[in-house]
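Please open the structure in your viewer and keep the selection tool at hand. The tour below moves from stop to stop, saying at each one what to select and what is there.

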Amino acid sequence: MSSAAIRNKTAIVGVGTSDFKHLYRTKDADRTPESIGTEVLREALDDAGLKVSDIDGLITSAIPFYPDFAYRAGLRDVRLLAPYPMSGRLCAVALAHACMAVETGMANTIALVYSTTMRSGGLRFGGDGGGGDLFDSVYGLTSPGAFYSLAYDKYVQEYGFVGRDELLGSVSLAIRHHASLNPKAIMQSPLTMEDYLEARFVARPFRLFDYCLVTDGAVCYIVTSAERAKDLRQPRVLVSGFSEQAVLREQFVPDDRWYPACQSMAKELLDDAGMTVKDISSLQVYDNFTVSVLWALEGFGFCPKGQALDWVQNGRIQLGGELPVNTSGGMLSEAYMQGWNHHAEAVRQLRGECGERQVKDCNAVLYACLSPLGGATLMVRG
């Protein structure tokens, strides 16, 4: 089934997110993905005006014991159950599968829950056991940051940006500003360009503030038919389209930096909907690293190829600018929820309930993830 076949036929009707700041600042030996996942499910149900008995489909991600979660949440008999591993590249895919399941009658109302305690559990990316894609570990490349930093180094040399480190810093500063307006975000303190440039290198040329966080937290959203959504508590947020494009290479970051994959997804989402990038009110990018924002902007056609570093300057991607990006603070400053918090933010922006960080006249939000399994979601006001 193509995305166009079910455009605007399903809707997100409830969202719930952890208080990421609180979880980051507190320690709880009994904290589990199941426990905090249950909390956000209840919040999403209340948000939608639904009861747990209304849920007949469950999709989980990162939750290791989904039967325990279901039992704790009060879910007993569901028609659809799909547990996904902890992987951000599956975020948009999970939502797409939920929409297809609702449209084909496999379930009426599906709860999608991502929940993790990676920070309190001491999860580390890279180093011993960090692995690599095929031959990368032979050369000491055992972390995603190392893959991306090499690709970015090639990018700046190719397009003449060597030695202009402050340009990339503008991405960190814009997203941190958005986090400062989000009471649930972890990193709310001001970030200056001096702070950015003086921060330690982690994998040169990437500095500390080019990296996403490692956090605990959970996100839930509830999907049902667009028709049923009319009778629920919140304004409808319609899933207008979704697309995925696998780019399977020997190395994690392909030489083309996912440009053709993004172009393909943009065509499927925007052209088929009769829209252009000018119709997008806000862009939510899977910001595992600052550079992902640049490559998404270029790949989806918001700016010419090789010009994103210049394009993001002077507040262009900040609230009040031409294209506000990652308005909740993203994974760089709100929380590392592997893209799920971006979808929750998109829903809240389209409802117009984001307060100080609200995008004016927000009508369409695009989510984009660049990875070996790239994914994108287009959401619009109902």
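This is a predicted model: local features need pLDDT of at least 70, side-chain atom pairs count only at pLDDT 80 or more; totals for chains, interfaces and linings use all residues.

Residues are numbered from 1 along each chain as its sequence is written, and side-chain values use heavy atoms, with hydrogens and water left out.

**The sheet**

Begin by selecting the strands, which, like the helices, are DSSP runs numbered from the N terminus (strands are E with at least two residues, helices H or I with at least four). Nine strands make up an open sheet of mixed pairing, in the order β3-β2-β4-β7-β1-β8-β11-β10-β9, where two strands pair if DSSP finds at least two bridges between them. At its edges are β3 (80-84) and β9 (282-285), each of which pairs on one side only. From one strand to the next, the twist averages 25 degrees.

Strands of a sheet pair through backbone hydrogen bonds, either parallel or antiparallel. To look at one pairing, select residues 109-117 and 216-225: these are β4 and β7, which run antiparallel and are joined by nine bridges. Within this pairing, leucine 112 has tyrosine 221 of β7 as its bridge partner.

Next, select residues 91-103, which form helix α4; this helix packs on the sheet, touching strands that include β1 (10-17), β2 (57-61), β8 (237-246), β10 (364-369) and β11 (373-381), with contact meaning heavy atoms within 4.5 Å. The direction of α4 makes about 25 degrees with that of β7; the axes are lines fitted to C-alpha atoms, for helices over the stretch in contact, and angles run from 0 to 180 degrees between N-to-C directions. Then select residues 259-271, helix α9, which lies across β8, β10 and β11 and runs at about 150 degrees to β8.

**The cysteines**

How many disulfides does the structure hold? It holds zero, a disulfide being a pair of cysteine sulfur atoms within 2.5 Å. Cysteine 369 is in no disulfide either, with the sulfur of cysteine 91 as its nearest at 7.7 Å, and cysteine 369 is buried, with a relative accessible area of 2%.

Move on to residues 144-159, helix α5, whose 16 residues should span 22 Å at 1.5 Å a residue, in agreement with the 23 Å between its end C-alpha atoms; the expected span is 1.5 Å times one less than the number of residues. Among the buried residues of α5 are Phe147, Tyr148, Tyr152 and Tyr155, and the elements that cover its buried residues include α6 (165-180), β5 (201-203), α10 (290-299) and α11 (308-311). Just after α5, glycine 160 takes a positive phi of about 80 degrees.

Now select α6 itself, where Leu167, Leu168, Val171 and Ile175 are among the buried residues. The buried residues of α6 pack against α5, α7 (193-198), β6, α10, α11 and α12 (330-334).

**The aromatic rings**

The last stop is the 13 aromatic pairs: rings of Phe, Tyr and Trp (its six-membered ring) pair if their centres lie within 6.5 Å, with planes under 30 degrees apart counted as stacked, over 60 as edge-to-face and the rest as tilted. Select tyrosine 114 and tryptophan 340, whose ring centres are 5.8 Å apart and whose planes are at 25 degrees, so the pair is stacked. Because tyrosine 114 lies in β4 and tryptophan 340 in helix α13 (residues 340-351), the pair ties together parts that are 226 residues apart in sequence.

Finish with tyrosine 211 and phenylalanine 289, whose ring centres are 5.2 Å apart with planes at 85 degrees, so this pair is edge-to-face. Both belong to one aromatic cluster, which also includes Tyr148, Phe206, Trp258 and Trp295.

Terms used. Buried means under 20% relative accessible area, exposed over 50%, partly exposed in between (1.4 Å probe, protein chains only).
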